[in-house]
Every structure is written in C-alpha cells, then in structure tokens.
Amino acid sequence: MRKISNVGFMGLGGQGGPMAEAIAESGFDLHVWARRPASPTAVAAVPHLVHDTVADVAASVELIALCLRDDTDIWNLLVL
C-alpha cells in the first residue's frame, strides 16, 4: 500500500483554512490553490506550496480535499 504524503486542499475560507492548516501540522506536504490571491494567507503559519492551477495541484498530490460552499462550487472547480 502506498503512503500518502502530498495532500491538496481547495477552499481556504473560514472553515477550510483551519482544516488545511491541520493537514500540514499532521506532517503532510500541503499543496493549495485558491481563486482569490489572498486566500493562501489562511495557511501562512504552516509550510505549503501554492499552485497556479487546479491541474497543477492534482498532478502533485495523492489526495485532494475540498471545503467549498455547495455542489455548484465543486462542479465549477472540477471543470476548470
């Protein structure tokens, strides 16, 4: 079984930011993408890598976590 070490996270708002931070604090390499340039400040206290595109995150990780508002946001993100 392959161990997961790289985790992608999208949705760095009020709920997602602390969740992503906890992922990095647990020892995973955190990779993020955000629509708004200011959003990655939510994980400024932990090591992370900001990607320019959703596809870049997907190519760099074994697992992607999403914390988005609703199904429409998820579908819109997945078809970028």
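This briefing describes the fold, surface and one selected residue of a protein model. The model is predicted, so-called local features require pLDDT of at least 70, side-chain atom pairs count only at pLDDT 80 or more, and totals for chains, interfaces and linings use all residues. Residues are numbered from 1 along each chain as its sequence is written, and side-chain values use heavy atoms, with hydrogens and water left out.

**Fold**
- The protein contains 3 helices and 4 strands, where helices (H or I, at least four residues) and strands (E, at least two) are DSSP runs numbered from the N terminus.
- In sequence order, these elements form the pattern β-α-β-β-α-β-α.
- The radius of gyration, taken over C-alpha atoms, is 12 Å, close to the 12 Å that the globule rule gives for 80 residues, so the protein is as compact as a globular protein of that length. The globule rule is 2.2 Å times the number of residues to the power 0.38.
- The C-alpha trace spans about 30 × 30 × 20 Å along its principal axes.

**Contacts and burial**
- Of the contacts (heavy atoms within 4.5 Å) with a separation of 6 or more, 50% are between residues 24 or more positions apart.
- Among the 80 residues, 34% count as buried, meaning under 20% relative accessible area with a 1.4 Å probe, protein chains only.

**Serine 39**
- Serine 39 lies in the loop between β2 (29-33) and β3 (49-50).
- Serine 39 counts as buried because its relative accessibility is 13%.
- Leaving aside residues up to four places away in sequence, serine 39 touches Leu12 and Ala34.

Terms used:
Buried means under 20% relative accessible area, exposed over 50%, partly exposed in between (1.4 Å probe, protein chains only).
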